[in-house]
Amino acid sequence: MEITNSRSGVHASLLISSTLFTSLIALPMSAQAIEPASVSLGPVSMIPQLTVSTGRNDNIFYTSTDEKSSAVTVINPVVQFIAEDGANAYKLTADIRQGIYHSSQDDNYTDMQLQGDANLVFDVRNKLDLLAAYLKAHEARGTGLTEGANATVNDAPIKYDEKTAGATYTYGADEAQGRIVGKLSYTVRDYTNFRSLTTSRDRDTLSTGVTFYYRVMPKTSLLFEARRTEIDYQNEVVGTSSLDSSEWKYLVGATWDATAKTTGVVKAGYAQKDFSAADRDDEGAFTWEAEVSWAPRTYSTFVLRSGQELEESNGADNYIDTSTTSLTWDHAWDDRLKTALAYGFTSEEYDLTSRKDDTNSFSAGVSYDLRRWLTVGMDITHAERDSNQAGFDYDNNTLVMTVQGAL
């Protein structure tokens, strides 16, 4: 399997989730539009890139009142090392993000991610993908454990380390009528500051899953999937029931690449979350995952994404029943000029406190390739959350200018 760094153009996604690598100004929609060249280091190719984004955020703490604005600059160097040995491929990626809040220096941060990937092809029927990653990241004030009225209870962002190891094994040729994919991953998250607040949130997550694909047409397969996630909180609070849980998901669906214009994966089924503590209520729910892409022209693509998840609580609740939907449109007007529009909606229901949040997000971006290796762009984003509990509503607007360069 060859690892490439192909041109992906303008990309926009407003699905709101617990991502591994976040910042108040994340990589904008216009990022990753360049075609970077590599440097040969013997059997290894090195691909360096640098993205610099600067703009303004009018509500950096995501509060409902007394909003604080700031200019924000994010400097993001990335370097990849790629090696190939026959059908096998190996990649090492180092990604650093330095965030600077010009009107709130306490919120400056340095995030770092180091990830190694190996794609091993034993024969036409047997493939193994391996991953190991180390993440040093933060939760911006006003998000995660410091939402709402707790936005400024700390004098700096919460920090955490995350270590992940994973493997994906595929049995069956791509053209075979039947194919089995097994997945295994283990993640350890440890918070590193404000321990009176964060100690109880350290956790280990073990995920396993298997998917059977049955090809019913040349480019269409039915799928049957089972997944299990074990979540083990490391530091239980005296007098508080454990949040340790196991979750099963049973999904059926289809994946297709029926035409040059349409591709998609749709799954639906049942999720069951069981807590180890007898006094916490178990939950079962209908669940789904979908991503459908439609390209009416080779230079214009619409992508619809939707999903449901029982997410871990960031407060007193057992879980957050979260559903997300987004629609994006990426369009290349010519070889240099590209635009992106996106809309996202997230619904979050908290089981014990009866809190319900609805978040709408809108964004628009434009990028222009000055050179093969140099792109400039601008992005605007508006997000608003409507909550049935005081203190959790907010409006947020950002304007970001970006320069991205490579060799």
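## Two positive phi values

Phe194 sits in the loop between β8 (178–191) and α1 (195–198), where helices (H or I, at least four residues) and strands (E, at least two) are DSSP runs, numbered from the N terminus. Phe194 isn't a glycine, yet its phi is positive, at about 50 degrees. At 24% relative accessibility Phe194 counts as partly exposed; on this scale buried means under 20% relative accessible area, exposed over 50%, and partly exposed in between, with a 1.4 Å probe and protein chains only. Before going further: this is a predicted model, in which local features need pLDDT of at least 70 and side-chain atom pairs count only at pLDDT 80 or more, while totals for chains, interfaces and linings use all residues. Residues are numbered from 1 along each chain as its sequence is written, and side-chain values use heavy atoms, with hydrogens and water left out.

Asp66 is another non-glycine residue with a positive phi, near 50 degrees. Look for Asp66 in the loop between β2 (44–57) and β3 (70–85). Asp66 counts as exposed because its relative accessibility is 72%. As background, most residues other than glycine have a negative phi.

Now to the strand pairing, where two strands pair if DSSP finds at least two bridges between them. Strand β5 (residues 109–121) runs antiparallel to strand β6 (residues 126–139), with 10 bridges between them.

The hairpin of β7 and β8 has six residues between the strands, and in it Gly172 takes a positive phi near 125 degrees. β8 then pairs with strand β9 (residues 203–217), antiparallel over 12 bridges; here Arg179 stands opposite Tyr213 in β9.

Thr168 belongs to strand β7. Which residues does Thr168 touch, leaving aside its neighbours within four places in sequence? They are Lys127, Leu128, Asp129, Val181, Gly182 and Lys183, where contact means heavy atoms within 4.5 Å.

Over in strand β11 (residues 245–256) you'll find Ser246. Ser246 counts as buried, since its relative accessibility is 12%. With neighbours within four places in sequence set aside, Ser246 is in contact with Arg228, Thr229, Glu230, Gln272, Lys273 and Asp274.

## Aromatic pairs

Rings of Phe, Tyr and Trp (its six-membered ring) pair if their centres lie within 6.5 Å; planes under 30 degrees apart count as stacked, over 60 as edge-to-face and the rest as tilted. By this rule the count comes to eight aromatic pairs. One of them joins Phe212 and Tyr214, a tilted pair with 6.4 Å centre to centre and 35 degrees between the planes. Phe212 is partly exposed, with a relative accessible area of 33%, and Tyr214 is partly exposed too, at 34%.

Phe302 and Trp329 make a stacked pair, 5.5 Å centre to centre and 5 degrees between the planes. Phe302 lies in strand β14 (residues 300–312) and Trp329 in strand β15 (residues 319–332), so this pair ties together parts that are 27 residues apart in sequence. Phe302 counts as partly exposed at 27% relative accessibility, as does Trp329 at 24%. Trp294, Phe302 and Trp329 form one aromatic cluster.

## The second largest pocket

The second largest pocket holds about 490 Å³ of space. A pocket, on a 1 Å grid over the protein atoms alone, is an open set of points where a 1.4 Å probe fits, with protein on both sides within 12 Å along at least five of seven lines, and lining residues have an atom within 4 Å of a point. Grid points are joined across faces, edges and corners, and the volume is the space filled by probe spheres set on the points.

What lines the second largest pocket? There are 28 residues, of which Arg201, Ser313, Asn314, Gly315 and Ala316 lie nearest its centre. By class, the lining has nine nonpolar, 13 polar and six charged residues. Here Ala, Val, Leu, Ile, Met, Phe, Trp, Tyr, Cys and Pro count as nonpolar, Asp, Glu, Lys and Arg as charged, and the others, Gly among them, as polar.
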